[in-house]
Amino acid sequence: MNTPIEKRNEVLGKTLVEKLEARQFEAYYCPTAKEALEKALSLVPEKSSVSWGGSISIRDMGLTKAFHAGDYEVIDRDLGKSPEEIADLHRQGLLTDYFITSTNAISEDGILVNIDGTGNRVAALCFGPKNVIVICGLNKVAPTLEGAVARARSTAAPINAFRFMGKTPCVSTGICHNCKSPDCICSQFLISRFCKPAKRIKVILVGEELGY
Ligand code: SF4
């Protein structure tokens, strides 16, 4: 028997799929991260070149591990041994068949909002890889575009700053100060409101808390 939260997620997931499809995204709802993992793998043919952004969601659900274990040409920026090598892997990732990422937020009418420090992740969303797969836990849904931007700025970005532990004011206070610190992780803001070419971006919504 499904809980009220699971039932609500099922209905919300269906609504969001319709909203995303109206914007030419390909979209799916998976109740669990395990099902989302299987769906993502089913979308990527073997032998494809695959890369990804710095998403915690895709690592937590085991997707990056699964690509390493499978028959894919993986470009993994985490394997870069120097800043130069990592930058080079970032550039190579922009020419792959599939780029995997999460999103910082999604509005209830299907607009994706992302903030990026280096810019490789938002660049890949805009143009470059032939396909992009976005994994998004329903914990990232905000009522409006403004709410999604606020979520990306005030929730996702300060938490992400703690991953890097740079000298940014959010690491001292837990809240965003709209900083211009050299270590700032909020360089680029991307609003993805329409998918062109159609279905290039495939969004997998997950009915479990995933990432932040
Ligand atoms: S304080 Fe700076 S790095 Fe931290 S969330 Fe705000 S803009 Fe981003």
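## Close-up views of the model

**View 1. Just after α1, Gln24 takes a positive phi of about 70 degrees.** Welcome to a predicted model, in which local features need pLDDT of at least 70, side-chain atom pairs count only at pLDDT 80 or more, and totals for chains, interfaces and linings use all residues. Residues are numbered from 1 along each chain as its sequence is written. Helices (H or I, at least four residues) and strands (E, at least two) are DSSP runs, numbered from the N terminus. Gln24 is not a glycine, and its place is the loop between α1 (4–22) and β1 (26–30). With 14 other C-beta atoms within 10 Å, Gln24 is partly exposed. Here a residue is buried if 20 or more other C-beta atoms lie within 10 Å of its own, exposed if 12 or fewer, and partly exposed in between, with C-beta atoms placed from the backbone.

**View 2. Helix α1 has a buried face made of Asn9, Leu16 and Leu20.** Seen down the axis of α1, these buried residues fall within an arc of 35 degrees, so they line one face of the helix. The arc is that of the directions from the helix axis to the C-beta atoms. On the other side of α1, look for the exposed residues Pro4, Lys7, Val11, Glu18 and Ala22. The cover over the buried residues of α1 includes β1 and β10. Contact means that the C-beta atoms of two residues, placed from the backbone, lie within 7 Å.

**View 3. Helix α2 (residues 33–43) buries Ala33, Ala36, Leu37 and Ala40.** These residues fall within an arc of 105 degrees seen down the axis of α2, so they too line one face of the helix. Their packing partners are β1, α4 (63–69), β7 (131–137) and β10.

**View 4. Val206 belongs to the largest nonpolar core.** Such a core is a set of buried Ala, Val, Leu, Ile, Met, Phe, Trp, Tyr and Cys residues joined through C-beta atoms within 7 Å. Of its 53 residues, Ile135, Val203 and Val206 touch the most other members. Leaving aside neighbours within four places in sequence, Val206 is in contact with Cys30, Ala33, Ala36, Ile135, Cys136, Gly137 and Leu138.

View 5. With 22 other C-beta atoms within 10 Å, Cys195 is buried. Cys195 lies 174 residues from Glu21 in sequence, yet their C-alpha atoms are 9.1 Å apart in space. Not counting residues up to four places away in sequence, Cys195 touches Arg23, Gln24, Phe25, Arg200 and Ile201. Follow the chain to Pro197, and you meet a cis peptide bond from Lys196, with omega near 0 degrees.

**View 6. A shell of 14 residues lies around the ligand.** Ala157, Cys170, Cys176, Cys179 and Cys186 come nearest; a residue is near a molecule if its C-beta atom, placed from the backbone, lies within 6 Å of it. Helices α7 (145–164) and α8 (169–173) each supply at least two residues of the shell, and α7 gives the largest share, three residues. The shell divides into ten nonpolar, four polar and no charged residues.

Definitions and conventions: Nonpolar A, V, L, I, M, F, W, Y, C, P; charged D, E, K, R; others polar.
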